[in-house]
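Subject: The structure we talked about

Hi,

Here is the structure I said I would pass on.

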Amino acid sequence: MNEASLCLDGVGIRYRLGASDFVAVENVSLEIKSGERVMLLGPSGCGKSSLLKVIAGFQKPATGEVRSNGRKITEPGPDRFVVFQEFDQLFPWKTVLGNVADCIRLTRKLPRAEAASRAAKILDMVGLAGYFDFYPHTLSGGMKQRVAIARAWSVDPAILLMDEPFAALDAQTRASLQDETVKIWREARRTLIFVTHSIDEALYLGDKIVVMGRSPGRVLRIFDNPFAETRDQPESAELRHQIRALLAGNQVAAEEMR
Ligand SMILES: Nc1ncnc2c1ncn2[C@@H]1O[C@H](COP(=O)(O)OP(=O)(O)OP(=O)(O)O)[C@@H](O)[C@H]1O
Ligand SMILES: [Mg+2]
């Protein structure tokens, strides 16, 4: 069978809540081709981070499975790398440069000097040129997030999972990192799964936009996006409108169910 490189097949995620199970995500099926950029968009609590953690292999689904190149994912692996939503994902005892360079040395088996120079180049790209010797506890949330992004880009995994990576950044830095995301993708065309709350960001960065709903978390609709790598195209207004209406409709429906 000629299967997509990443296949989510009937994935359900449950959490133990007191004596019962809480259904966070129900029956999500997605086929993602190698090199495709997939944006996950949906209200808070619809299970976007949970899905990413299952794809990363940190968490097991209650139903269904995720396959990478036909093989069931049961644990984290070198083909996948995550930029988490949480800020504290850096090694606190390593400097900014150390956090990135050591990760490159471990994952790409590069000599120390080569890893440090690659790390420095990518830290420049995320606007942290003057901060190589700083430790994570001396950085702002957005700066820590940028170190985590630099680390992920420098590792260059086959599948990059990014959970609202630019949410804590000012508008200018965010736009510049979106541009870098496009440039980096053009060079290597790696699979990208990217969570965002911004319709504009999804339209700029995604080949596919998966709109999720909640109560329970599920896929409402998958849109093909012909407007990737362009901003504010008048022709994108209709797609933008459809996504916004879908998100607003699900919000109302979820509130009516309470
Ligand atoms: N470890 C956990 N234990 C219990 N419930 C959890 C756990 N992690 C997530 N949940 C619940 O699962 C649901 C989905 O959470 P998740 O963090 O995946 O949502 P999200 O779509 O990423 O939201 P946001 O946009 O706010 O980041 C929520 O109702 C949340 O309370
Ligand atoms: Mg989340």
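Predicted model: local features only at pLDDT ≥ 70, side-chain atom pairs only at ≥ 80, totals over all residues.

Before anything else, a word on holes: on a 1 Å grid over the protein atoms alone, a cavity is a set of points where a 1.4 Å probe fits but cannot get out, while a pocket is an open set with protein on both sides within 12 Å along at least five of seven lines, and lining residues have an atom within 4 Å of a point. Grid points are joined across faces, edges and corners, and a volume is the space filled by probe spheres set on the points.

Residues are numbered from 1 along each chain as its sequence is written, chains are lettered from A and ligands numbered from 1 in the order in which they are written, and side-chain values use heavy atoms, with hydrogens and water left out.

**The cavity**

The structure holds one cavity of 30 Å³ or more, and the volume of the largest cavity is about 30 Å³. Its lining is made of Ser49, Leu52, Lys53, Val82, Val83, Phe84 and Asp163. Helix 1 (48-56) and strand 6 (80-83) are the elements that give two or more residues to it; helices (H or I, at least four residues) and strands (E, at least two) are DSSP runs, numbered from the N terminus. Helix 1 gives the most, with three residues. Sorted by class, the cavity lining has four nonpolar, one polar and two charged residues. Here Ala, Val, Leu, Ile, Met, Phe, Trp, Tyr, Cys and Pro count as nonpolar, Asp, Glu, Lys and Arg as charged, and the others, Gly among them, as polar.

**The pocket**

The largest pocket has a volume of about 450 Å³. Its lining has 21 residues, and Arg118, Trp153, Asp156, Ile184 and Glu187 lie nearest its centre. Which elements each supply at least two residues of that lining? They are helix 3, helix 4 (141-155), strand 7 (159-163), helix 5 (171-188) and strand 8 (191-196). Helix 5 gives the most, with seven residues. The pocket lining splits into eleven nonpolar, three polar and seven charged residues.

**How the helices pack**

Start with helix 2 (residues 96-108) and helix 3 (residues 112-125), which pack at an angle of about 125 degrees with their axes 8 Å apart. Axes are lines fitted to C-alpha atoms, for helices over the stretch in contact, and angles run from 0 to 180 degrees between N-to-C directions. The two helices are therefore oblique to each other: angles under 35 degrees count as roughly parallel, over 145 as roughly antiparallel, 65 to 115 as roughly perpendicular and the rest as oblique. Helix 2 passes helix 3 in a right-handed crossing (left-handed if the near helix is turned anticlockwise from the far one by less than a right angle, right-handed if clockwise). The contact of helix 2 with helix 3 has ten nonpolar, no polar and four charged residues.

Leu97 lies in helix 2. Not counting residues up to four places away in sequence, Leu97 touches Ala116, Ala119, Ala120, Leu123 and Phe132, where contact means heavy atoms within 4.5 Å. The C-alpha atoms of Leu97 and Ala119 are separated by 6.5 Å, although the two are 22 residues apart along the chain.

Next, the axes of helix 3 and helix 4 come within 9 Å and cross at roughly 130 degrees, which makes helix 3 oblique to helix 4. This crossing of helix 3 and helix 4 is right-handed. Arg118, Ile122, Leu123 and Met125 in helix 3 meet Ala150, Trp153 and Ser154 in helix 4.

Are helix 4 and helix 5 roughly parallel or oblique? Their axes come within 12 Å and cross at roughly 5 degrees, and that makes helix 4 roughly parallel to helix 5. Arg146, Ile149 and Trp153 of helix 4 make the contact with Thr173, Leu177, Glu180, Thr181 and Ile184 of helix 5.

The peptide bond from Ser215 to Pro216 is cis, with omega near -10 degrees. Pro216 is found in the loop between strand 9 (208-213) and strand 10 (218-224). Glu164, in the loop between strand 7 and helix 5, has a positive phi of about 45 degrees although it is not a glycine.

Cheers
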